[in-house]
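Here is a short tour of one protein chain, from its overall make-up down to a single element. Have the sequence and the model at hand as you read.

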Amino acid sequence: LDDVEVEEKALTLLQEINRMSISERIKMAMSGTRTHRMLLVKDPNKMVSLSVIESPKITLDEILLLSRNRSLPMEIISKISRNRDWVKNYPIMHELVLNPKTPVKTALEFLKKLHTKDLKSVSKNKNISPAVRQLAVNFVAQKERH
């Protein structure tokens with residue numbers, strides 16, 4: 001498939017999704033393909049976008065992509081951050097700390113578990129909460145003293 005064919009296929013898929021009812025979109029989010037989930041997670045209806053996260057088919061790679069996404073609603077980021085199996089995965093936890101939509105309290109919990117190299121990058125990141133950034137600065141200073 002060349003780029004044009006892929007684009008046309010995505011467009012027709014999006015058109016197909018737009019014609020669906022909310023219950024059909026929720027079913028699609030639960031049972032559809034990765035492409036379906038990546039489109040439906042952006043659905044304006046929160047029930048649809050949250051059902052993507054609840055899909056039994058969702059993979060850690062998809063969760064990592066979602067936790068990197070700065071435009072996702074806070075509810076989805078919160079739901080990801082509350083799933084123990086997902087946050088055991090270091091890259092996902094790291095991305096959640098970097099995501100400004102992660103609740104500050106949660107980001108602060110994850111911050112304690114980051115490696116020094118990642119703490120340094122967080123302490124210089126201007127796109128995250130000032131509280132998270134300041135705590136990262138403190139942790140870096142603390143680790144350098146020891």
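## Surface and charge

Welcome to a predicted model.

Charged side chains come next. The chain has 26 positive and 17 negative ones. The centres of these two sets lie 11 Å apart.

## Overall build

What elements make up the chain? There are 11 helices and 0 strands, so if you follow the chain from the N terminus you will read α-α-α-α-α-α-α-α-α-α-α, by the definition of these elements. Along the principal axes, the C-alpha atoms fill a box of roughly 60 × 30 × 25 Å.

## Burial and contacts

The chain counts 146 residues, and 40% of them are buried. As for how the sequence folds back on itself, take the contacts with a separation of 6 or more: residues 24 or more positions apart account for 49% of these.

## A look at helix H10

Now zoom in on helix H10, which covers residues 116-123. Which of its residues are buried? They are Asp118, Leu119, Val122 and Ser123. Viewed down the axis of H10, these buried residues fall within an arc of 140°, and therefore they line one face of the helix.

What do the buried residues of H10 pack against? Their partners are helix H8 (90-98), helix H9 (104-111) and helix H11 (130-145).

Conventions. Residues are numbered from 1 along each chain as its sequence is written. This is a predicted model: local features need pLDDT of at least 70, side-chain atom pairs count only at pLDDT 80 or more; totals for chains, interfaces and linings use all residues. Side-chain values use heavy atoms; hydrogens and water are left out. Helices (H or I, at least four residues) and strands (E, at least two) are DSSP runs, numbered from the N terminus. Buried means under 20% relative accessible area, exposed over 50%, partly exposed in between (1.4 Å probe, protein chains only). Contact means heavy atoms within 4.5 Å. Lys and Arg count as positive and Asp and Glu as negative; His and the chain ends are not counted. The place of a charge is taken as NZ of Lys, CZ of Arg, CG of Asp or CD of Glu. The arc is that of the directions from the helix axis to the C-beta atoms.
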